[in-house]
Amino acid sequence: MSDIFREVEEDVRKERAQQLWKRYGTYLIALGVVALAAVGGWQLWKRHQLQEREKASTAFVAAQRISNPQAAATAFNEAANGAPKGYAEVARLAQANAMFAAGQTKEAIAVYRDIANADRGPVGAAARLRAAWGLSEPAPRQDLAALLEPINQAGSPWRENALEVLAYADYRAMDRKAAQAKFEALANAAEAPQALKARAKAMVDFLKGGGATSYGTVPPDVVALPPPPAGIATAPATPQAP
């Protein structure tokens, strides 16, 4: 008796499955096709991204090997065009560095500013610092402070670097007291990198020794007289009368 019920139950399940297939079979097939297409598209996209990264990496390395700064800047610019975002940002930063080395200061600073405004990560922070150093000689201190404000905040890992630029700006403005105080704070800052602390300590010693205000005196050059021609005796010095 149990076998009969089991057979009936199986027949009922088959009948229901056939009805469901007739009703939804087309949709299930379409769904399967879409799923396979999605998987295939994902794999193609990943392969394309890998190829683009490899292409950008090759172009970047090739640009690094160029010794001429102007030619290197052009190569880095070409490497940035069409490259994935991260590669493009690094290539543009390297482009600005090469432009700066080539003496294109204004153009380099403009690129640094563009990068800093577009990126809030490490690349943008590095570009902001480089722009500030490039402007540290001619720009007013308030302009530098405004430029560095986004990274000159409590908790920012770049704050000590920003403060170093501002301390140097005080030194350039002949504000020895303010510069020395800032450099002393940086030299004793636990969060500051060791290289930065060493530079700050050197500036403190320089300022304490009178740097920026006292340069001492330079003795006049001693002009050596040429020796007399051969065969000509020199006259003895005439003694002074007592």
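Biologist: Which residue with a positive phi follows α3?

Modeller: In this predicted model, helix α3 covers residues 85-101. The helix is followed by a residue whose phi is positive, near 90°, and that residue is G103.

Biologist: How many aromatic pairs does a search of the whole structure find, and which helices hold W133 and Y168?

Modeller: The search of the whole structure finds three aromatic pairs. One of them joins W133 and Y168, with 5.7 Å centre to centre and 55° between the planes, a tilted arrangement. This pair links distant parts of the chain, 35 residues apart, with W133 in helix α5 and Y168 in helix α7.

Biologist: Is Y168 buried or exposed?

Modeller: Buried means under 20% relative accessible area. Because the relative accessibility of Y168 is 19%, this residue counts as buried, whereas W133, at 35%, is partly exposed. The answer for Y168 is therefore buried.

Biologist: Why is the pair of Y168 and Y171 called tilted?

Modeller: Y168 and Y171 both lie in helix α7, three residues apart, about one turn of the helix. Their ring centres are 5.8 Å apart, and planes under 30 degrees apart would count as stacked, over 60 as edge-to-face. Because the planes of Y168 and Y171 stand at 45°, the pair is tilted.

Methods: Residues numbered from 1 in each chain as written. Predicted model: local features only at pLDDT ≥ 70, side-chain atom pairs only at ≥ 80, totals over all residues. Heavy atoms only, no water. Helix = DSSP H or I, 4+ residues; strand = E, 2+ residues; numbered from the N terminus. Expected span 1.5 Å × (residues − 1). Phe/Tyr/Trp six-rings, centres within 6.5 Å; stacked < 30°, edge-to-face > 60°. Buried < 20%, exposed > 50% of the residue type's maximum accessible area, 1.4 Å probe, protein only.
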